[in-house]
Amino acid sequence: MSESRPRKRGREGKDVPFDIESLNKFLGSEEEQLRNKAKEILDGDLIAHATAAAALDARVSAFASYQEALDDGFVADLQKQLMAVFRMGVKLESWLNTYTPPLASGGNVGVSGEVQDGVYAHIHGLSAGCSEALHRMLGYEKEYAVQRTKCTDERTWQRFRGTLEANMLHDLGKTTLQMHADLLNVANSISNNLSHLRTAASEESKLAAMY
């Protein structure tokens, strides 16, 4: 029987069929940059976005109609904020995935794995919520344009317009409130659980000490 050839070890201690040293070095460099950037995001961008979301939530209650919010520039300001928060959320998701175990692996290394899953759920909910809100706003605008073109009876159009604009205004309030709440959830989740996150290197050292 021929001897089986030993296989090299990967970044997370898994057997790999061939050497990917260049890829490992690249990923290590990227992870280091993400972790360095994360402090700036958490101590700066996250606070700024939560403050901006609270200000938007306070503004939206003053509008009597969607058209007022549109003319005031509120809709454009909200869209801009949603895009910025979405980008921040994706960056935080990438940062969180630099810890162990990788979420995609389905693994669970003690407290770190459970904490990572919980924090990730809050961050992903934030970024997904922002993206969905932008798509809803586009959908409302599309519906408005389509129905305005199709309605030939002015009385029918005015009745439909009132209902549609009321729902559009409601969605603005819903979006600002939800974005602010999600930002605070992310902030609290990270603040309370940051000390439990572990890098791959720290987990390997801990396991080595056990044996």
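**Close-up views of a predicted model**

**View 1. Trp 157 and Phe 160 share helix α5.** The two residues sit 3 apart, about one turn of the helix. The model shown here is predicted. At 1% relative accessibility, Trp 157 is buried, because buried means under 20%. Phe 160 is partly exposed, with a relative accessible area of 28%.

**View 2. Tyr 144 and Trp 157 form an edge-to-face pair.** The structure holds 3 aromatic pairs. In the pair of Tyr 144 and Trp 157, the ring centres are 5.1 Å apart and the planes meet at 80°, so the pair counts as edge-to-face. Tyr 144 lies in helix α4 and Trp 157 in helix α5, so this pair ties together parts 13 residues apart in sequence. Trp 157 also pairs with Phe 160. That pair is tilted, with 6.3 Å centre to centre and 35° between the planes.

**View 3. Six residues line the largest cavity: Tyr 66, Met 137, Tyr 140, Met 168, Asp 171 and Leu 172.** A search of the whole structure finds 1 cavity of 30 Å³ or more. The largest cavity holds about 40 Å³ of space. Helices α4 (110-150) and α5 (154-193) each supply at least two lining residues. The largest share, 3 residues, comes from α5. By class, the lining has 5 nonpolar, no polar and 1 charged residues.

**View 4. Cys 130 and Cys 151 are buried.** The relative accessible area is 2% for Cys 130 and 17% for Cys 151. A disulfide is a covalent bond between the sulfur atoms of two cysteines. The structure holds 0 disulfides.

Terms used: Residues numbered from 1 in each chain as written. Predicted model: local features only at pLDDT ≥ 70, side-chain atom pairs only at ≥ 80, totals over all residues. Heavy atoms only, no water. 1 Å grid on protein atoms, 1.4 Å probe; cavity = no way out; pocket = protein on both sides within 12 Å on 5 of 7 lines; lining within 4 Å. Points joined across faces, edges and corners; volume = space filled by probe spheres on them. Helix = DSSP H or I, 4+ residues; strand = E, 2+ residues; numbered from the N terminus. Nonpolar A, V, L, I, M, F, W, Y, C, P; charged D, E, K, R; others polar. Disulfide = S-S within 2.5 Å. Buried < 20%, exposed > 50% of the residue type's maximum accessible area, 1.4 Å probe, protein only. Phe/Tyr/Trp six-rings, centres within 6.5 Å; stacked < 30°, edge-to-face > 60°.
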